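Here is a friendly walk through one model, told as questions and answers.

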Amino acid sequence: MIHGQDVTLSLGGARILDDVSFGIESGTFTAVCGPNGAGKTTLLRTVNGALSPDAGRVVVDGEDVATLSAKAIARRVATVPQDTSVAFDFPVRDVVAMGRTAHRGRFERATADDRDAVDRALERAQVTELADRPVGTVSGGERQRVMLARALAQETPALVLDEPTASLDVNHQIRTLSLVRSLVEEGKTALAAIHDLDLAARFCDELLVVADGRVLAAGPPTDVLTEDVVERAFGTRVAVRTNPVTGTPTVTTLGSGTHTQDLTERSVAPSAHRPDGGHEE
């Protein structure tokens with residue numbers, strides 16, 4: 001569905017992406033992970049056509065993005081930005097309806113199909129009850145779902161999300177990623193920049209680890225989230241274990257006085273003694 005080939009891009013004289021290649025298969029959920037400044041957002045913006053590479057190319061649904069018009073790209077890729085602020089305090093329904101502009105001419109009025117698509121998107125993102133409220137009056141988590149509903153109204157095969165869980169509480173993080181996961185299971189392709197490695201491992205099929213504008217590793221979470229890869233990407237010592245509840249990798253950042261061996265020994269140590277001479281159950 002989405003392929004990048006030898007993508008190189010500079011901004012303001014600084015090399016942001018350096019000969020990056022990647023492949024996102026149809027019907028998968030892929031997380032782009034890496035430290036701040038690694039080039040995650042820039043990579044996403046080459047996929048949705050907001051930025052053009054200096055070299056290399058990005059292909060979406062069989063078409064080189066550089067050869068497509070903005071409207072043609074918008075019919076293939078819908079974007080949920082990290083910044084969910086809206087310049088004007090439109091009703092939520094009108095904000096979601098903006099996702100339909102890719103399917104209409106400049107002076108064409110909304111059709112019954114457009115209104116049905118908006119209703120479906122509102123319902124799927126669980127914001128139908130907010131439809132008549134000004135978007136400025138909804139919470140941050142609700143506004144994130146409104147932006148997701150707008151993207152769903154575009155009815156594109158691919159979905160790009162830039163830090164969809166940023167600034168959200170745990171409940172809204174899980175709700176957002178669970179919704180994207182369900183969309184992928186129905187056939188949509190999703191690519192998201194995600195800071196939280198544990199959440200990425202839990203919800204995504206593939207991870208793309210980026211650091212210093214290059215791809216360090218790509219593949220399933222169990223293959224990619226190794227201590228060596230994470231330490232090289234983030235420049236800090238970590239321990240990677242398997243979450244006993246989810247069965248997916250979990251990453252713990254180690255303090256300067258903590259060693260991986262110490263953590264392992266504690267995790268397998270026998271039950272601790274209680275002060276009264278008994279044992280913890």
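Q: Leaving aside neighbours within four places in sequence, which residues is Thr189 in contact with?
A: Some ground rules come first: this is a predicted model, where local features need pLDDT of at least 70, side-chain atom pairs count only at pLDDT 80 or more, and totals for chains, interfaces and linings use all residues. Residues are numbered from 1 along each chain as its sequence is written, and side-chain values use heavy atoms, with hydrogens and water left out. Contact means heavy atoms within 4.5 Å. With neighbours within four places set aside, the partners of Thr189 are Met1, Ile24, Glu25, Ser26, Gly27, Thr28, Pro157, Ala158 and Leu159.

Q: Is Thr189 buried or exposed?
A: Buried means under 20% relative accessible area, exposed over 50%, and partly exposed in between (1.4 Å probe, protein chains only). Thr189 has 0% relative accessibility, so Thr189 counts as buried.

Q: Why is E8 described as largely enclosed by the rest of the structure?
A: Helices (H or I, at least four residues) and strands (E, at least two) are DSSP runs, numbered from the N terminus; E8 is the strand of residues 189-193. One side of E8 has Thr189, Leu191 and Ala193, the other has Ala190 and Ala192, and all are buried. E8 is largely enclosed because the buried residues number 5 of the 5.

Q: How many bridges join E7 to E8?
A: Two strands pair if DSSP finds at least two bridges between them. Strand E3 (residues 29-33) pairs with E8 in the parallel sense over 4 bridges, and Phe29 has Ala190 as its bridge partner in E8. E7 also runs parallel to E8, and the number of bridges joining them is 5.

Q: Through which helix does the chain cross from E7 to E8?
A: Leu161 stands opposite Ala192 in E8. The β-α-β crossover from E7 to E8 is right-handed, meaning that, with the strands pointing away from the viewer, the path from the first strand over the helix to the second runs clockwise. The helix on that path is H6 (residues 170-185).

Q: Which residue does the side chain of Asp162 join through a polar contact of 3.1 Å?
A: Asp162 is found in strand E7 (residues 158-162) and is buried, with a relative accessible area of 11%. Asp162 touches residues that include Thr41, Val80 and Ala193, not counting those up to four places away in sequence. A polar contact is a pair of N or O atoms within 3.5 Å; within protein, one must be able to donate a hydrogen and the other to accept it, and residues adjacent in sequence count only if both atoms are side-chain atoms. The 3.1 Å partner is Thr41.

Q: What is the phi of Asp212 near?
A: Most residues other than glycine have a negative phi. Asp212 lies in the loop between strand E9 (206-211) and strand E10 (214-219), and counts as exposed at 73% relative accessibility. Its phi is positive, near 55°.
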